[in-house]
Structures are given as C-alpha cells and as structure tokens.
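Q: I would like to learn how to read the contact between two copies of a chain. Where do we begin?

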Protein chains: 2
Amino acid sequence: MMKGTTAKVLAYKQVYQRIHSAISQGTLKPGERIPSARALAKEMGVARGTVEEGYALLKAEGYLVSKGQAGTHVSEKLIDPSKLRKTNVDTRQAEFAADIKTAEVLPFQLGLPALDAFPRQTWSRMTARCARNIHTDDLAYPSAHGLPQLRVAIAQYLQLSRGVQCEPAQVFITSGYVCSIKWIANVLFNAQSKIGIEDPGYPLTRQVLKNSHFNIISIPVDEDGIKLPTNTQADAIIVTPAHQSPTCVSLSLQRRQALLDWAETKNSWIVEDDYDGEYRHVGLPLPALKSIDTQDRVIYSGTFSKILSPSLRVAYIVVPKSKVSAFEKCAEIYAGNVSGLTQASVLAFMREGHLLRHIQRMRKLYRERRELAVRVFNQVLGGKVSIKPQPGGMHMILKLTDPNIDDLVFSNKMMNAGLFSQGLSQWSSKPVHPSLILSFTNIRTEEECHRLVCRLRDALFEGQ
Amino acid sequence: MMKGTTAKVLAYKQVYQRIHSAISQGTLKPGERIPSARALAKEMGVARGTVEEGYALLKAEGYLVSKGQAGTHVSEKLIDPSKLRKTNVDTRQAEFAADIKTAEVLPFQLGLPALDAFPRQTWSRMTARCARNIHTDDLAYPSAHGLPQLRVAIAQYLQLSRGVQCEPAQVFITSGYVCSIKWIANVLFNAQSKIGIEDPGYPLTRQVLKNSHFNIISIPVDEDGIKLPTNTQADAIIVTPAHQSPTCVSLSLQRRQALLDWAETKNSWIVEDDYDGEYRHVGLPLPALKSIDTQDRVIYSGTFSKILSPSLRVAYIVVPKSKVSAFEKCAEIYAGNVSGLTQASVLAFMREGHLLRHIQRMRKLYRERRELAVRVFNQVLGGKVSIKPQPGGMHMILKLTDPNIDDLVFSNKMMNAGLFSQGLSQWSSKPVHPSLILSFTNIRTEEECHRLVCRLRDALFEGQ
C-alpha cells in the first residue's frame, strides 16, 4: 500500500502539480477562480497549510493571483495555453467546443419535433414539482424495466391512441430507438439471424444491425409500403408502417395482413418502428400494425423523441406476451437507464392530459407547416423540384426534376451552406430518382420559409 | 392504403373496442375517468358524434357511467378484471406491481450511497432552475459525446480530486457503468479479445463480458490488490484499484507500476473502474491509477451513482488520447442517452461547488457509519463473525468464523428475512472463506443498526 509518510512529504508538490497541469492543459483558464485552500485541503485530505504552500509556489511563479475576498484566481496575464499548444488528442472536432451548449440545429434538420412549440412552461412546472417530491427510495436504482406507473400510462395511451392492446408488463422503458433495437436483438436474434429491413430505409437501423454482424436483407418499398416476397427467409423484419421512413407512404391493409401472415407461417418477428405514427395529415390516424397482431408476432417500438423532445431520451418497446420474462432478464443486465426524475416527469405530463393535448396541437401545426413549405418550394423552385402529397410524417421528399443530378452532391452543397438535408440515395441500396429528404417541422413563418428556400436555391441551382 | 370510407363506417365500433378492451384488460380500472368525447374524438381524428355513439353503447352495456360535470367514468360496479383473469403473460413478477413506485431498498443493500443524506433541496432547486432555463436548442438531440461544459467540469474535477490529467475531449458521458463497459468493448475489443478480470470481482462485469462472448481470464486478488503474472496474455484488464470490489484492499504502488509496465509491454489496455475512489476512511485519498499512467494505456471509468445518486443514470469514461476519435464514432451511433436536463443539473451542481462539499460530508458520514456498524456487529455477533479494517469503500466484508458455512445459503436466508446480502463465493470463481458482503451506508442510527444486526442474527444463527 502507498505509505502515508512518503505521500505527506510530496503533498504540497502534488497540490502544485495538479493546479499547474490543469492550467497548462487549459482545464483551468486564465481568470478562472480556483478552490479555496481550505476546500482543496479537505478534498485532498491534506492540511490547509500544505495547500497554501503549493499555492504560494504557484503565485511566486506567476500562475495564480490573490484577489483578497474574491479568492485565488488563475492569472489573467497567462496566454490561454489551449491557443498556444498543438493538441495531440486525436479528435474529429477541430477544437473542443465547450462554449457551444449543444450542437446547433440546422434549418430542415431531420427527426426533430417543432422545438418552438414544446410546452416549456408546463414541462418545467412538472419537472420542478417532481424534483421537489422525490422520495428517498426514488434515489436508489430505478426499476430496470421502467417506472411501473409510466408503463401503465403508456399501455393506456397505446390502447386509446394507437389501438394497441397490451398489458403494462409488456412495456419496457428504454433510452432511445437504438437502445430498443439492441434489446430486441439481444433477446430475439442470434449471431446467425437474418434481418429484413426496408429499402430505402432508415440508415441507423442498418448501421446498428451491421455493427452487430447480423445478416441484412434489403426489401423493396413501393407506393403501398414494404413489398415482402412470401418466400422470404428472415428471422425478423423491421418496418415503419405508419409513414414509411423515408418515403412516408402508409403500409396498405392488404400488405399489413400479408406481413402478419408471413410472420405467423415463418415463425418470425416483426418490429414495428412507430416513430411518428401520431402525425397523420389526412383522414383518420391509422391504428398501429400491432393493433391487428392476433398472433403476438409484433414488437412495437415507440418514442417520446418525436412527440415531445429527443433531449429527454425516453423511448419504449411493447414485447410479445411470450417473451416478457426474457426481456425482463435483458433489462436487469442492461437497464433502460432513464433517470427516475425524467420518468416521473413524463408520467406527470401524461397523467394530467398534457401529452394528448400537445399531440393534437402538433398534428394541426405540422399540417400547416407542411402546406406552407410545399407552397413556398413550388413558388421558388418551380420546375426544378416536385413534392408528392404524403399522408403524414415529419419530413418531406423533394424530388429533383433533373434525373442526372447526384443527390449526395446536392446534400453536401446544402450542408456546406448551413442547411440540413440528406440524399435519398444515402437511404437506399439501389439507384433511386435523385431526391432530398428535408424536415419542415421547425419552419415557423412564411417569411422564414421563403428565406430558407431561397438560400437552398442559391446553394443548389446558382448559375443553372 | 386503408380507405377512409371503410374506416369511417367502423369508427364508432373502433371507439367501442378500444375502451372495451382497455377495461377488460384492466388497463382502465373501475372508477377511473376516461377522456371526454371531445378529447378522444380529436385524438382519434373522428367526429365527436362518433365517439359519443361508441360511449353510448358502452354505457348501455354497463361499462361506463356518466357523472355529469365530473365526466365519464368506468363503472365502479365492475369487478376489476385483473382479479378475475388469469394472465397469460410470461412474466417473472407474480403480479404487475404498479403501486410500488420503485423497488423497495433493503437494509444492507449494496451499491447505494446514503439516500437520507442526498442534498434533496439543493438538487431540486438546481433542477427546477435548469428546467426553467431550457433553451430551444437544448430540446434537440443532446450531443452524443455528452454536454460539452459537463465534460469540461468533469475534467477539472478529476484533475483536482483524483489527480487525473485529461482534456475535456477525452471525457464521454454515459448512462452507467454497463454502458461504459459496452462502449469500451465496442471500440477497443474484438470477438477474439481476452479480458482479465479480478477474482473475486464484481459479478456484473463478468456477466456483461460473458454475454458479449469475450474470453475471460480470472486473475487472483490478495492483500495488495490484483496480482497479475507478468506473462499474462490479455488484451485488457479491468481493475478496481482504489478499493477492490469486493475486498476493499487498495492496489499497492508497486503493483500499480507493475500493471502499467505490463500494459506498456503487451500493448494492452487497463480499465480502471473507480466506482468509489472518493471514499477513503484512512489517510490521504489515493490518486487514481490513471494519474500515473504516462503511456496512455488506462481508460478511467467514473460514475455519479455512488457520489450522488444511481437514479440519475450518469457516468463517464476518460479515454486514451489516441482513441478519442474512435470513441466519438461509437458515441455517435450508440449515444450516451443521458437527458439534456439531467446533464445540465449535474453541471450546475458541480459548478456551484455542491459536489465537492457533498463528497466531503459523505466521507465523514461513511467513516462514522462504518465504525458504528463494525462496533454493533462485534457486540451482537461476538465470535461468530469478524470484520477486517478496510481503508475505504462503501461496503464491508463479514467473515464468518465457521469455515464450513455456505455463505450462499446464508445470503439466501438473509434475503428471505428481508435483509440484503451477497455471499463472497458468488463473487469468486475459486473457493473462498465464507463471508457476506453488506453495505453500511444507509444505517442511520445506533438503534437502527442494533435492530438490523439482531434481525440478521435471528435469521442466520437462530438455534446455533
């Protein structure tokens, strides 16, 4: 064991070294206040005099300055070492951007709800109340399966809003879609599993499966959704029936039935990713595929990212009745890892009816924002692009009229101009008509929309 | 696509079915209020009259009752169907326990900080303030690497408190230890990797590695910590140097050096799990192993579960400088998934000095509670058990005097008596002297301690 005597001799040097290297590495910046000698002494478990000795040396060398009552600070005369030093950290970021709180949201960014319409006041009131009411037992590990009452509330919500009949024990809380897919893979797939995915389809699904070394089968999508050959040999198919990602077409009733029949015959699973099923712009919201799953072959995957905010990191899965205990075991090792307070806040928000009200408001808002975007795109970009009517969803597909354009080149041009977009070809394994995938959810006004579409035009069609 | 006409004809029936099955499945309970016809009509996108038609049918059949201004409720005369129906859900729980908010914390439960000493008021004030100050951009996806300023704050904290020199870009926020290990495995290990773990050692580490099919090598632990043969062939070793889990011995300086030399020679990695390094009861807190890692072979794994609360689900890793971009890529797929608000609250708590103060208070409290527990155990259980002095940590090892006792049988007896414990043999791959692992962190008073130890005595030594 490290002996106290040796350690004590070196204690003031240790103080010196810690502060010195924090400064020279830029962890402590010029002008920044450092802990009082008393606080650091307690923290390091050394005498206050020892810390003062270390500080004195640093002051003598010009690293620290005393400001009387205002405490001890890093000298402002030092040049910020991070500006001098060439970092030897192999990072993908040009410079560590500590000043940026979160990555900036770009215009047209995919996968985001209308951030300006988030019910901030209500949410902050719920959170503050839940935080005040924390019970001592709530400070221990949250249930690995999810907060029991939240599982009940989600089962009720799914029953009423998505037509899904399930018991609370089938609902598991996860920290997001990728976590949901990992759990499903963990419980239902094995190293030899063949998994069918939609083509075009959500790239992250493909990437997560690929990283786990599953055999991936691409299955084409047409105007009626995924078109599964009946003889397909797969252990599971991952589908987006409400509004196919990215084409936004709805899976027809006939195809839904065929998919369920296939799963029953082959004893395979269907994973229903209902990421934006709530947002339909025309007619009745379609019930979830899971709602007509009489053979219990469908795993339903839902999320609060699209109906509330992705910053919450709360999602859930509804697992087959026959697999509940297997998922319980999986959860007990990997745990959903959503903080107890976050789960309690979502529960309060649902219980008081705020969630249903918010979804209804957003349904109307997205219909309006989509109409606005389509209108302005047509005005500004006339014959250069076309936008098909879509029954629902949170993004749109901008079909480029010229079939010879490379949509990846175009999406890069947009990103360079500070505008988000992805090329449809990035979501497809086969050649597709060049198209851009854009979100309309955060376009707030006609003026803003016009300005953004003009920027897009200048970035893409300048000189054409 | 599903045609509007067919759907409309069936709309009132759909209303009927959703409510009916929610009641018969017990999702809606007798007496519970259901949404107003107006709200459900909006939610389902049907006419209000359609919902009223469905409700009328349910009222006629006795499922629903109107209570005028108080709305429509499930009839209280119905017998709660969950009491009638034998569930066909394959769950490991006897009955879904929606009334229990979180699993009850048992006396002596391992891995928990002192829940009664959690700074609830300060924490709830920080959280409420952060919730009020949410900026629109904060509602998008949080940075996959972690909130940048929190990474800076953790780098500063590690520098000052644990002697670890690192840059913020090396710090990644995860949702817990298992998530940390999965990321490390994802980036640094491959299917053929051999991973050394401590024996005895934390069972969850073994389980997670086993589930991922790595080759596991058990390495013995003695009074100076892990004893690694220099010719060991392993791609990585996972160690708990501060207070070995579970023996609580500290890794000696000589062994630390030998471990680092080994890693350099073999080009292998060392994962330092510093889960409770802050809590040392005697002498100076030991700096982390990472603090003397000049060759950048150590991955440091820390957590807020032990110093604050496991309900937060916030942990972090410090990765080698040469591997930052690889971890960035991993994070961009799997994401730490800690909510933006939780990260902002932890940051505020650290920035205002509450974390250091809390750790100092807990260090004193744990020393006192450990002394109390040792004293009372010795009083009540005299020659039946012995407890070795330990330099630190949050649990203790109760060595059973009788070498013929099976500690697994004893730990089961305790669990049956509502007391938590684990047998040391459950943490070992080789025979060990029978011992029980217990936590003392939540024993608040001498009276409580006495009562609990007597219950333990009655459960284990009754009639002996």
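A: Begin with superposition: copies are fitted by least squares on the C-alpha atoms of residues with pLDDT of at least 70 in both. This is a predicted model, where local features need pLDDT of at least 70, side-chain atom pairs count only at pLDDT 80 or more, and totals for chains, interfaces and linings use all residues. Residues are numbered from 1 along each chain as its sequence is written, chains are lettered from A, and side-chain values use heavy atoms, without hydrogens and water.

Q: Which residue of chain B comes closest to the rotation axis?

A: B:Ala128 does, with its C-alpha at 2.2 Å.

Q: What rotation superposes chain B on chain A?

A: Two copies of a chain are related by a rotation about an axis and a shift along it. Here the rotation is 180°, the shift is 0.0 Å and the RMSD is 0.2 Å. That is the relation of a two-fold axis.

Q: How many residues are in contact?

A: Contact means heavy atoms within 4.5 Å. By that rule, 119 residues of chain B touch 119 residues of chain A. Of the interface residues of chain B, 99% are also interface residues in chain A, so the copies meet through the same surface.

Q: What area is buried between the chains?

A: Interface size is often given as the accessible area lost when the parts come together. The probe is 1.4 Å, and the loss is summed over both parts. Chain B and chain A bury about 10,800 Å², with 57% from carbon and sulfur atoms. Helix α7 (residues 148-162) of chain B gives the largest share of its side, 10 residues.

Definitions and conventions. Buried area = accessible area lost by both parts, 1.4 Å probe. Helix = DSSP H or I, 4+ residues; strand = E, 2+ residues; numbered from the N terminus.
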